[in-house]
Amino acid sequence: MPILMQSPEESASWEWELDEFAPPGLDSALATAVRMSEVLREHGLLRLDSVRWKWFAKGRGSVGITTELAVPENPTKEDLSRRITESRPVAYPNAEVGALRFSGVGSWFDAEGTEHRERDLVVLTVYPEERHLAAEVAVFHDIWGYCDFRGEPHPEVQARNAPRLASALKALEQLLGTTPEPGEPTYFGRADGFGLEMPDLIDGKGPDLTDRL
């Protein structure tokens, strides 16, 4: 079984400012998440099975409660909205929903072309703020870049996976009508266009990042 390494923070992310795409608010964020998840599912990168978020209160911030719900295979905005509303903590009847992190399983291919399934291959987050709508797609594994997290080049793995991610991001760009901005770089990499930035190679190898895995 090929080894797939996952980082504790994203190796690349792409962020969309969506004020021109849809109004802010929870229902709008959920509708956007459903449409974005359909694109990611079509590309084999994310089959939703759960959504997680924190609750916040005005003037206080986080109330210290996190909720996670199982998500049906083909969720609707209406079902998600109802279930999220029903999950509001009884002790905080006016609590508001924070960033919604949608998780699930995606497919990746090893150097020989064998398909494998992996959780959180791609993670989708939407931000249901009252005055601003935004979304983010993030990746955490080493299959998208030229090197694995040990610094060993694996161009065959990258060639079987990175184009699928790029195709999905381009499809999301078309859906949302705006180009994503690259997220902040992390120890494990950064976005460059619709892929990952090429690492600096020394003697043919990239940096060994396993000290933080």
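A charge is taken to sit over a ring if NZ of Lys or CZ of Arg is within 6 Å of the ring centre and within 35 degrees of the ring normal. Arginine 212 meets this description, lying over the face of tyrosine 187 at 3.8 Å from the ring centre. The model is predicted, so local features need pLDDT of at least 70 and side-chain atom pairs count only at pLDDT 80 or more, while totals for chains, interfaces and linings use all residues. Residues are numbered from 1 along each chain as its sequence is written, and side-chain values use heavy atoms, with hydrogens and water left out.

Tyrosine 187 also belongs to an aromatic cluster, together with Phe149 and Phe188. Rings of Phe, Tyr and Trp (its six-membered ring) pair if their centres lie within 6.5 Å; planes under 30 degrees apart count as stacked, over 60 as edge-to-face and the rest as tilted. By this rule there are three aromatic pairs. The rings of tryptophan 53 and tryptophan 55 have centres 5.7 Å apart and planes at 70°, so this pair is edge-to-face. Both tryptophan 53 and tryptophan 55 are buried, where buried means under 20% relative accessible area, exposed over 50% and partly exposed in between (1.4 Å probe, protein chains only).

The next topic is the interior. A nonpolar core is a set of buried Ala, Val, Leu, Ile, Met, Phe, Trp, Tyr and Cys residues joined through side-chain atoms within 4.5 Å. The largest such core has 49 residues, and Leu100 and Phe102 have the most contacts inside it. Helix H1 (residues 26-42) gives the most to this core, with eight residues; helices (H or I, at least four residues) and strands (E, at least two) are DSSP runs, numbered from the N terminus. Not counting residues up to four places away in sequence, phenylalanine 102 has contacts (heavy atoms within 4.5 Å) that include Leu30, Ala33, Leu46 and Val126.

Charged side chains come next. Side chains of opposite charge can pair when their charged atoms come close. A salt bridge is a side-chain nitrogen of Lys or Arg within 4 Å of a carboxyl oxygen of Asp or Glu, and the structure holds 11 of them. In helix H2 (residues 77-86), aspartate 79 and arginine 82 lie three residues apart, about one turn of the helix, and their side chains meet in a salt bridge (2.6 Å, N to O). Elsewhere, Lys58, Glu96 and Glu130 are linked in a network of salt bridges.

Where does aspartate 142 lie? Aspartate 142 is in the loop between strand E8 (133-139) and helix H3 (155-176). This residue is buried yet has no salt bridge, and the nearest side chain of opposite charge, arginine 150, is 6.1 Å away; Lys and Arg count as positive and Asp and Glu as negative, while His and the chain ends are not counted. Among the residues that aspartate 142 touches is Asp148, when residues up to four places away in sequence are not counted. Aspartate 148 does form a salt bridge with arginine 150 (2.7 Å, N to O). Aspartate 148 is buried, with a relative accessible area of 7%, whereas arginine 150 is partly exposed at 45%.

Glutamate 152 forms a salt bridge with lysine 205, the closest N and O atoms being 3.0 Å apart. Glutamate 152 lies in the loop between E8 and H3 and lysine 205 in the segment after strand E11 (195-196), so the pair ties together parts that are 53 residues apart in sequence.
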